[in-house]
Amino acid sequence: MDLLANLATGFAVAGTPINLLYALIGCLLGTLIGVLPGIGPVATIAMLLPATYALPYATGPVSSLIMLAGIYYGAQYGGSTTAILVNLPGESSSVVTTLDGYQMARQGRAGPALAAAGLGSFFAGCVGTLLIAAFAAPLTEVAFAFGPAEYCALMVVGLVGAVVLASGSLLKAIAMIILGLLLGLIGTDVNSGMARFTFDTPELTDGIGFVAVAMGVFGYGEIISNLAKSDLEREVFTARVQGLFPTREDFKNMMPAVLRGTALGSVLGILPGGGAVLASFASYTIEKKIKLKAGEVPLGQGNIRGVAAPESANNAGAQTSFIPLLTLGIPPNAVMALMVGAMTIHNIQPGPQVMTVNPELFWGLIVSMWIGNLMLVILNLPMIGIWIKLLTVPYHYLFPAIVLFCAIGVYTTNNSTFDIWMVALFGLAGYLFTKLGCEPAPLLLGFILGPMMEEYLKRALKLARGDWSVFITRPLSAALLALAVALLLLVLLPAIKSKRKEAFVED
Amino acid sequence: MSIKSQKDFASGLMFTVTGAAFAWNSATGYTVGTAGQMGPGYFPMVLGLVLVMLGGFIMFFSLVVETPDGGVIGELAWRPLFCILGANILFGLLLGGLSLIGLPPMGLMLAIYALCGLALLADAASFTVRRWLVLSSVLAAGSYLVFIQLLKLQMPVWPAFVNLY
């Protein structure tokens, strides 16, 4: 059994005490920051990324990536906690969690809601990990059949996916992607060695640091808009959290919802283009359609299924979205884009070659994802009380600390103050984007994909002697582009358009 | 014809201007080449032109399509904007110094006090001297322990003229 042998390799790497410790620290830190209101997983990871560089070099990049995986899951879980307790979704995929989760919290059932989110996510994570282990190898074979034209087409699919899931106007989301692609091109052009758009600034020849972009746009942008809001939506239900564990009745309702969510999430997550968000929305819609049992609370009024299903779908999708990343090296969403950035900083180019060249790293990472999930359940179920306490810390103590951590973090990525100026610049941009109703997540994805896309486009067209039809004459690339068009049409169809609006409208 | 969505009009304008800047810069500053033999200017120029087009569409729709809330941008939150970004910049200045104006590195500790002070001012109700001192001292001590002692990050801790190393 290849699968078992591979997983064993992974356990041998990720199961060492030191790596377990890193996974633990990552989970703790991720939850700690992720639970802060208004800070979603993207912002959390961006903030904590520098902490992984500081790991001793002796343990190698594996430990850093393991810690990063821990941070990722911690951040996701922390985000759900805030969604449930404060009604503040940190990211678009936890928007649906707020619907029923917050209602449950208002009824004093925050404990079961949090437990349902945790347990559902853990189950989904287990399934997702197995799926990755089973399909990563065959998919890597597919990846070797990909030529530059196919890579280009796949990136288009991914970018279109990001557009489809952005909550605002379609045109603006596309424009944000293009803007991101352009920003990503700043720096030295690999082919000609020419410094582009650098205004003769030596620090810019390496390109804009993506940590600076992510932290500025997501971290500072969010803090500023949070401070600009009044306190009215920061209503926290902390006093009334009692009875952590779901009742037997809850479990009975939860189980099928978790299964449905996991199945849906696993499938949608593989699609490049941010399947996790789509999955959580779709699974909530399904739960809404399923007939209520006698005595069950309708969805939207505090039904545990409304928390369990989207949370498991979200996590399953998050897990399987590692597949396009690890096999093709193409990040399917903003969080994964951050992971690519992180891997590149650790001198790992994500893609099919990782698995063959560095199997320890590959399988170690996959197993550590599962361990990260497990840590979360072990850690967070007993510690929910502590995270809730954290929410009672007044915001005026929190935000200067967040600003400080951002500033220190970004300084340490290159040990230069130049990055601090860049964060300020992108903080300003991030705030303007929110004011203008432009969602920043597509920008980040574009930013990461910019140089990659240029490279593949250049190669594809060079091979085709400048003939653009290569993208539709090669069957695989044509199929992918057709998928992208179909996705776009799907959003443009009026029925779905109104649904999408409905789902994104905050009540 | 009046602007029906301020947000859309402003963002469309932003995209158009940025796109035009990139396209113009690529076309004039770098070799563009052909599709089969792309120069460094090709891809950014195409993207820039697409962005101009998209920005144009967004502006056009903002003039034509009615939006329910009028797409009002609303007032900018100048105070938090200035204070948060200012705190960040001040931190950078104090931490690393700026040779341009002959400012020596003042180190992490002082930078933390400055950052906290300015950041707290972002919210009119937040700032009290006591709160500032308590918060900065806690963060300074914590940062010293975690970042300097534990993670051994390399950065100036004390002002350059105080020799404590």
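**Salt bridges and the core**

Guide: This is a predicted model. Let's start with A:Asp189, which forms a salt bridge with A:Arg196, their closest N and O atoms being 3.6 Å apart.

Visitor: Are A:Asp189 and A:Arg196 buried or exposed?
Guide: Both of them are buried.

Visitor: Which residues are linked with them in a network of salt bridges?
Guide: A:Glu454 and A:Lys458 are linked with A:Asp189 and A:Arg196 in that network. A:Lys458 and A:Glu454 form a salt bridge at 3.8 Å between the closest N and O atoms. Both lie in helix 19 of chain A, four residues apart, about one turn of the helix.

Visitor: What does A:Arg459 pair up with?
Guide: A:Arg459 meets A:Glu455 in a salt bridge, 3.5 Å from N to O.

Visitor: New topic: how many residues has the largest nonpolar core?
Guide: It has 194 residues, and A:Phe322 and B:Phe91 are among those with the most contacts inside it. The largest share, 14 residues, comes from helix 16 of chain A.

Visitor: What does A:Phe322 touch?
Guide: Leaving out residues up to four places away in sequence, its contacts include A:Tyr72, A:Ile132 and A:Met369.

Visitor: And where does A:Ile323 lie?
Guide: A:Ile323 lies in helix 13 of chain A. A:Ile323 counts as buried because its relative accessible area is 2%, under the 20% cut-off.

Definitions and conventions. Residues are numbered from 1 along each chain as its sequence is written. Chains are lettered from A and ligands numbered from 1 in the order in which they are written. This is a predicted model: local features need pLDDT of at least 70, side-chain atom pairs count only at pLDDT 80 or more; totals for chains, interfaces and linings use all residues. Side-chain values use heavy atoms; hydrogens and water are left out. Helices (H or I, at least four residues) and strands (E, at least two) are DSSP runs, numbered from the N terminus. Buried means under 20% relative accessible area, exposed over 50%, partly exposed in between (1.4 Å probe, protein chains only). A nonpolar core is a set of buried Ala, Val, Leu, Ile, Met, Phe, Trp, Tyr and Cys residues joined through side-chain atoms within 4.5 Å. Contact means heavy atoms within 4.5 Å. A salt bridge is a side-chain nitrogen of Lys or Arg within 4 Å of a carboxyl oxygen of Asp or Glu.
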